[in-house]
Amino acid sequence: MTNEIRFYHNAPDRLRVACVLTAKACARGHKVSVFAPDNGTARHFDQMLWGFQPLAFVPHVAAASPLAAETPVVIGNTLDVLPHDEVLVNLGDELPPSFERFQLVLEIVGPSETERQAARRRYRNYKERGYALSAHDLAQRSGE
């Protein structure tokens, strides 16, 4: 059951922010499922995780891997193939179907108007369903 949904707004690079959030969650001992809306996004995110922290490694695999159940971070195109239900990182522009099984949902919003409009729709949908929502403006954080 979803306890909280966090929106991270004004992300200059959605996948880079997703890498940071995924690494933080993994470092805290959480198991993370990453929803990628297509194979291209999944591959790009996978490649970014390999090299985004030069002195650290974020253990991750694709959902089809036989090691998915034991690996802290799993990347997939549908939620039903993702084995972990602690943290969901949504890289898509739509409300992920069956997101309710995840305890925490992380939504990352880029600067384009298209991304903002899609995020507003997701935010309204979550709010109408009564979920606890929080918003974090990444532009304000970088200015501190």
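**Entry: strand pairing**

I began with β2 and β5, which pair in the parallel sense over 4 bridges. I kept in mind that this is a predicted model.

Next I looked up β2 with β4. Their pairing is parallel as well, over 4 bridges. Here V34 has I75 in β4 as its bridge partner.

I then followed β5 to β6. These strands pair in the parallel sense, again over 4 bridges.

**Entry: the faces of two strands**

In a regular strand the side chains alternate between the two faces of the sheet. I checked β2 for this: V32 and V34 point one way, while S33 and F35 point the other way. Are these four residues of β2 buried or exposed? I found that all are buried.

For β5 I noted V87 and V89 on one side and L88 and N90 on the other. All of these are buried, and both faces of β5 are covered.

**Entry: H84**

I looked for H84 and found it in the loop between β4 and β5. Why does H84 count as buried? Its relative accessible area is 5%, and H84 is buried because that value falls under the 20% cut-off.

I listed what H84 touches, leaving out residues up to four places away in sequence. The contacts include K31, V32 and S33. Also among them are A68, A69, T71, P72 and V74, as well as R101 and F102.

In soluble globular proteins, nonpolar side chains tend to be buried together. I looked up where that happens here. The largest nonpolar core has 28 residues, and V34, F45, L49, V89 and L91 have the most contacts inside it. At least two residues of this core come from each of α1 (14-27), β2 (32-35), α2 (39-51), β4 (73-76), β5 (87-90) and β6 (104-108). Which element gives the most to this core? I noted α1, with 8 residues.

**Entry: the largest pocket**

I read a volume of about 350 Å³ for the largest pocket. It is lined by 18 residues, of which R6, Y8, L21, K24 and R28 are the closest to its centre. β1 (4-9), α1, β6 and α4 (138-142) each supply at least two residues of the lining. α1 gives the most, with 6 residues. Sorted by class, I have 9 nonpolar, 3 polar and 6 charged residues in this lining.

**Entry: the second largest pocket**

How much volume does the second largest pocket have? I noted about 200 Å³. Its lining includes N39, A42, R43 and D46, then H60, V61, A62, A63 and A64, and also I75, G76 and N77. Two or more of the lining residues come from each of α2, β3 (60-62) and β4. α2 gives the most to this lining, with 4 residues. By class, I wrote down 6 nonpolar, 4 polar and 2 charged residues for the second largest pocket.

Note on methods: Residues numbered from 1 in each chain as written. Predicted model: local features only at pLDDT ≥ 70, side-chain atom pairs only at ≥ 80, totals over all residues. Heavy atoms only, no water. Core = buried A, V, L, I, M, F, W, Y, C linked by side-chain atoms within 4.5 Å. Buried < 20%, exposed > 50% of the residue type's maximum accessible area, 1.4 Å probe, protein only. 1 Å grid on protein atoms, 1.4 Å probe; cavity = no way out; pocket = protein on both sides within 12 Å on 5 of 7 lines; lining within 4 Å. Points joined across faces, edges and corners; volume = space filled by probe spheres on them. Nonpolar A, V, L, I, M, F, W, Y, C, P; charged D, E, K, R; others polar. Pairing = 2+ DSSP bridges. Contact = heavy atoms within 4.5 Å.
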